[in-house]
Amino acid sequence: MPGQEQDCLREVTLSTQRLRVLPPAVLSNPTLESLDLDRNKLRSITGISKLGNLKKLIVSKNEIVDFPNEIQSLVYLEKLELNQNQIRVIPEGIFCHLPRLKHLRLNNNRLGALPRDLAACQGSLQYLNISNNLFRTFPQPVLQLANLQELHVQNNALRQLPRELFQGQALKMFKANGNPLREPPIEVCAGGIQQILNYFNHLQHGSGQEDKRIKTMFLGASLAGKSTICKSLKQRQAKLVPKEERTVGIEISEFRIEDFTFLFWDFAGQLEYYMTHHVFITPQALVILVINLHMYQTNDDAFKDLVGFWINNLFMRVPNSVVLPVGTHADCCRKQEVEEKRSNIMAKITAMLAERKSNLTHFINNLEASEEPEVYVDQWEKLKEMESCTLTILDLVAVNCTDHSDIKKLEATILEHVKNEELFPEVVRVLPPIYREVEAAIVNITQSEEMADHGMMDLQYLLSELSRQEHLANLDKELLQDVLRYLHRIGLIVWYEEIKHLESTVFLQPTFLITTFKLLVRDRLAQQLESISVDTLIAEHATIRDRSNWVWAFKSKAMLCHQAVRALVKYQLCLEGMQDIFEEIMGDKTHRGKGKLFSLLEHFELCLEVRHAKALNPQASEFVPGRTWETTRGQGDSWYLFPTYLNQTEEVAEVWGGDHPEDLHIRTYFSPEIPEGFFHRFLVKACSFYSTHWVAKATCLLVCNGKPLLIKENNQRAYSYLELRCRKPAGATGFRFAWDFLMAVVFIIQKLSEEWPGLHVCVKSPCRTAGCPAELTWPDMDGKTPVTKEDVKTCGTCGHRFGAELLLSKVPRQPEAPPAQPPVHYYVTSYGTTTFGPSSVHVTRQNISSE
Ligand SMILES: Nc1nc2c(ncn2[C@@H]2O[C@H](COP(=O)(O)OP(=O)(O)OP(=O)(O)O)[C@@H](O)[C@H]2O)c(=O)[nH]1
């Protein structure tokens, strides 16, 4: 039987066989205990009841519409997977016959309810996945599953979760993101089971209060009028912002209309700040896209710069957002011109949305029509998920910001949209009174006289300050952390508990965090560096000549040494009267304590530490997989590379020595385009992993075991890709190594791209015939099937045949080859950690050699 692996006929695997019916041979084997039918085309599994000894049945990724009733005969069943089918209803009378069922996957179907008799599995069921279905209310039978340890309900339409679910001891893992939850709000759920439980406990002591709050992000090109609108809305009058007062970084303010609280995040329009946008552009917000109508022309370039760029970025980053385009400077245009521009912008946005939809449909159809569609199931699913996301674009409002009545009109429009539950289902959150009390007390502290401008506070100190207040005397650390976590997620404060250096620091004024970013990520940084005062230089034991060197290194290599950063930061903090926090931000002088600034910049992949030191520890006696690779610390000054400021392009090309037709060559394509800042963050990630590297504006050369790998960025409309090349290796080991290297870099790219949920990335190998435009699409890389079955691939366009190892990660077969290894899985789990097959290599940071 094809694809069958037999173990005394107890176990049969028939995945990806394009089966439409169960093969009779399988059904004639009543001793079978495990049957895997993953990724086929089954509409039913008629006859399955003959396999009365089955313990494990996998029918995921098939075409089942009607729940297979025969499953009720499989009374020994322990594991059942029916995910990724089209099941709408599960009848009563099935689960009551499955008392041993431990593991049940029903995700990605069309279910809206579960049968009552699921409760019969209460003694056994430990894992249940009903994510990506159509549940509007929480399925009550689940509450009786006393031994349930893991529950997935993501991406349904749940508004409320029952408190009883969290009261038992068993539940260890619970996931609910992607639901319009009010009670508890999604920001509370993200804090985990304990936080949810605490939330319900506090709800018990008083009735929940409705909180209507929405983060509002003002985006748009420079000088569009974002700050003007923001300030005018807040002050309820036309409030023109002088041109010189440009937003630096992001400004945040709070504002109320009726009983809605708006948190305004006003983003600076200059390109340099786009690098930090990924940190602050978050889902579940109202996006106000501000367009200067006076500047806008009805041609494609103006549209791309002032509107298209932002729409594309929102597509990729927060694909489910609601966007209100606002056209400013209406007073500088004729009435008819305003109308023309308004309809031009709306028509072009509509065309963009249609283009995106049609692209996705095209990709999906391609996968479905491909030769082996079952090896593209994961890609297909991701695309389907993207297709279900909708960027809602509201009708453009044209305003004259100098006119009070226009501001009032805009305010009314915003309010009307926010009240629309269809558009903003999660605006209303039910909160225990204590959440509001703690929040109010924090706001009081931030506004008090004693509070320093920066608003940074130690967590323990904050707790003691709060609990000094009579009504919060019982506040404990856990509850405070719960509330802080919530306030962080809604954007009122900033608390990065996941960054080790910052876990005990709360930024009560989120703007201060942005101020810290701005110290090094800003426009005209070179001028800033040049203007460091002599006093500051002296205090840092530096000379004017050092300062010139810093400027030179920055302009030519986008690098700053530690001393330069210290001087720059000290100088800027002095200007703002905040010199007292210098040590805290920068760490101590020995460079060993990293300080908050670099913890932040490195966490968000905005800079890379480049240490001029001898490579790896020469004293290290051995390298042990899974353990930290110890390195010697360099004696010299640390340098930091800021990829945003890179402007050279030639350096890498020189080291690489030009492309060669023989190179192994793949491309990762991006649709709709490579997001702003993506390549820079990729550089930081990849270079912190591969110690030897060269970087330039749009290229990078990584070296591993002496072998180079080139990555080039090409970001053109309808042609956005990263190209990966390495020299054609000799011999099977060489191929294995080269493909491992390529795959590791592809996985870094894929891992990073997950941060843009609306971004589609696919990998292709160009045909190796010079001039032939054909490309070979790569199948799912985390699928269980090997990437390629054949040894030779034929190009469908030019007809030439190539060894598969030249196109895909397949090692050439050798006559004396040892028995097949288990399939190798690669994945990059996080910054600097990678797993290759059975052994895992954990490298926290390799030193950088300056070769
Ligand atoms: N006449 C007129 N001027 C406006 C209008 N809206 C904004 N302005 C002016 O346009 C200039 C730019 O406005 P800002 O609000 O600073 O623009 P921004 O989008 O915040 O700009 P960045 O800070 O660079 O991101 C200011 O001088 C405003 O006074 C408008 O509707 N009519």
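Predicted model: local features only at pLDDT ≥ 70, side-chain atom pairs only at ≥ 80, totals over all residues.
Two strands are said to pair if DSSP finds at least two bridges between them.

**Stop 1: strand β12**

Select residues 285–292, which form strand β12. Seven bridges join β12 to strand β13 (residues 322–328), and the two run parallel. Within this pairing, asparagine 292 has threonine 328 of β13 as its bridge partner.

Is β12 enclosed or open? Eight of its eight residues are buried, so the strand is largely enclosed by the rest of the structure. In a regular strand, side chains alternate between the two faces of the sheet. Colour Ala285, Val287, Leu289 and Ile291, which point one way from β12; then colour Leu286, Ile288, Val290 and Asn292, which point the other way.

**Stop 2**

Centre the view on valine 287. Leaving aside its neighbours within four places in sequence, this residue is in contact with Met217, Leu219, Leu314, Ser321, Val322 and Val323. Val287 is also one of the residues that touch the most other members of the largest nonpolar core, which has 225 residues; the others are Phe218, Ile493, Ala686 and Val745. Select residues 731–753 to display helix α22, which gives the most to this core, with 11 residues. Another core, of seven residues, lies apart from it and includes Val375, Tyr376, Leu383 and Met386.

**Stop 3: the ligand**

Which residues are closest to the ligand? Among the 24 residues that surround it, the closest are Gly225, Ser227, Thr228, Gly269 and Cys401. Show helix α4 (residues 226–235), which gives the most to this shell, with three residues. The shell divides into nine nonpolar, 11 polar and four charged residues.

**Stop 4: helix α13**

Move to residues 510–520, helix α13, where nine of the 11 residues are buried. Among these are Pro510, Leu513, Phe517 and Leu520. The buried residues pack against several elements, including β10 (250–257), α17 (562–575) and α19 (595–603).

**Stop 5: the domains**

Finally, colour the chain by domain: domain 1 (11–204), domain 2 (209–428) and domain 3 (640–842). Between domains 2 and 3, 21 residues of domain 2 are in contact with 20 residues of domain 3. On the domain 2 side, the elements that give two or more residues are α5, α6 (300–317), α7 (335–369) and α8 (377–388). The residues of that side divide into 12 nonpolar, five polar and four charged.

Notes. Residues numbered from 1 in each chain as written. Buried ≥ 20, exposed ≤ 12 C-beta atoms within 10 Å, placed from the backbone. Helix = DSSP H or I, 4+ residues; strand = E, 2+ residues; numbered from the N terminus. Contact = placed C-beta atoms within 7 Å. Domains from an automatic or database assignment. Nonpolar A, V, L, I, M, F, W, Y, C, P; charged D, E, K, R; others polar. Near = placed C-beta within 6 Å. Core = buried A, V, L, I, M, F, W, Y, C linked by C-beta atoms within 7 Å.
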